[in-house]
Amino acid sequence: MRVLVTGSTGYLGRAVTAALLEAGHEVVAVMRPGSHRAWPADAQVRRAVADVMDERALTEAMSGCDAVVHLVGIIREFPRQGVTMDRLHVQATQAVLSAMRAVGVERIVYVSALRARPDAPSRYHRSKWAAECAVREQAPAWSILRPSIIVGRGGPGPNFVRQLADLIQKSPVVPVVGDGLYLLQPVHIQDVARAVAACVTSPIQATVDLAGPHTVTYLSLLGRIATVLHRPLRTIRVPMRLMLRVAPWLERFPAFPVTHDQLLMLREGNATSPEQAETARRLLGFACRPITDEDLLRSL
Ligand SMILES: NC(=O)c1ccc[n+]([C@@H]2O[C@H](COP(=O)([O-])OP(=O)(O)OC[C@H]3O[C@@H](n4cnc5c(N)ncnc54)[C@H](OP(=O)(O)O)[C@@H]3O)[C@@H](O)[C@H]2O)c1
C-alpha cells in the first residue's frame, strides 16, 4: 500500500515510517516547509512538503495513496504563533479528513493519547477527543490508538524521558511537583509503530489504549532515569497548588519546563486498566513489552 504519514519528522514519526517500510508499504512523508531539510535523505520515502493545515497541499500529496497515518500533535501551545491544541489537533484532523474525502482515501490510523475524553481537565485530552470524534464520524475505515508515554529510540523531538533526563543533567536539584506518585504506564515506541502498521493493513474500527505491562510512578521513573545516567538524584518538592497557580503565567516562556495543562495531566496519571490492555492485545494480536533500562537510554 502507499501510506501518507503526517508528523513524519517527529519522535514517533520516524519509527512509524520505518515500521511501514519494513511491512512492505510505500511511504509518503508529509513534512512542513523548513522541516523537510532536516529529514535524512531516504530513497524509499517520498517527501511531500505541506503544512498540515494546507488542505490543497495535503490533497495533492494524498493522490494515489491507500491509507493515512495521522500523527501531527503538540503537547504545548504557543497561541501567539497560532500553535494551539484546537488548531493542531482538531482543525488539522478536519483538514486531513477533508483531503481524504477529496481524493477518495478511506483508511486512517489516528494516534491520539491515553485518557482522551470530553470532560478531561486538560485541553490536550479534550482536543484529542474532539479529533477522535471527527475520525470516528467521518472516516469509512479507521483505527484510533491511544498511547501512554512513549519510550525508546525514535526521531528528534521532546520525548518524556529526554525531558526528564535534561532536568536531571542540567539542574542541581530536580523539582518534583506534589508527591510525585502519579501513575504512568510507558509503552515502547516499537510497539506503537507496530500497532500503527498493523492497523494500516487491517483497520480495527476501534479506539485502543496502548500501554506497557508495568505501571510506575513519576518519581520511580525519574529515579530509574537518574540511575541509567549514573547521576545522583536530588529532588525538591514543589506544591502542586502553587505550580498550578504560577504555570499559566510562566508557561509562555519556552524555558519554563512545564505547562498548566501538563500539570493537570500529570496529576490525574496516565495508566490504563487490565481490561483495556487485554482488549488491545486481542485486537492487535500482540502484547506490549516491558521497558528496559536500555530502552530508557535509547530514548535520549
Ligand atoms: N511522545 C509521546 O509520549 C506521546 C504519547 C501519547 C500520544 N502521543 C501523540 O503521538 C503523536 C506524535 O507524537 P510525537 O511524540 O512524535 O510528537 P513530536 O515529536 O512533537 O512530532 C510532532 C510532529 O508534528 C509535526 N507538526 C507540528 N505542527 C505541524 C504543522 N503545522 N504542519 C505539519 N506538521 C506539523 C511536527 O513537525 P516538525 O518536525 O516540523 O515540528 C512533527 O513531525 C502526537 O499526536 C502526540 O500527541 C505522543
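**Ligand shell and sheet**

Visitor: What does the side chain of tyrosine 124 do at the ligand?
Guide: In this predicted model, a polar atom in the side chain of tyrosine 124 lies 2.7 Å from an oxygen atom of the ligand. The protein covers 84% of the 900 Å² of accessible area that the ligand has on its own.

Visitor: Which elements give two or more residues to that shell?
Guide: Those are α1, residues 11-22, and α4, residues 123-138.

Visitor: How many residues surround the ligand, and which are the closest?
Guide: There are 24 residues around the ligand, the closest being Thr9, Arg32, Ser35, Tyr124 and Lys128. By class, this shell has 12 nonpolar, nine polar and three charged residues.

Visitor: And what about threonine 9 and leucine 12?
Guide: Threonine 9 places an N or O atom of its side chain 2.5 Å from an oxygen atom of the ligand, whereas leucine 12 has a backbone N or O atom 2.8 Å from a ligand oxygen.

Visitor: Switching to the sheet, what is the strand order?
Guide: The sheet is open, with seven strands in the order β3-β2-β1-β4-β5-β6-β11 and parallel pairing. At the edges are β3 (45-49) and β11 (207-210), each of which pairs on one side only.

Visitor: Where does α1 pack?
Guide: On the sheet, where α1 touches β1, β2, β3, β4 and β5, and its direction makes about 165 degrees with that of β2.

Visitor: Which strands does α4 lie across?
Guide: α4 lies across β5, β6 and β11, and runs at about 160 degrees to β6.

Methods:
Residues numbered from 1 in each chain as written. Predicted model: local features only at pLDDT ≥ 70, side-chain atom pairs only at ≥ 80, totals over all residues. Heavy atoms only, no water. Near = heavy atom within 4 Å. Polar contact = N/O pair within 3.5 Å; in protein donor to acceptor, adjacent residues only side chain to side chain. Areas by Shrake-Rupley, 256 points an atom, 1.4 Å probe, with all protein chains shown as cover. Helix = DSSP H or I, 4+ residues; strand = E, 2+ residues; numbered from the N terminus. Nonpolar A, V, L, I, M, F, W, Y, C, P; charged D, E, K, R; others polar. Pairing = 2+ DSSP bridges. Contact = heavy atoms within 4.5 Å. Axes fitted to C-alpha atoms, helices over the stretch in contact; angles between N-to-C directions.
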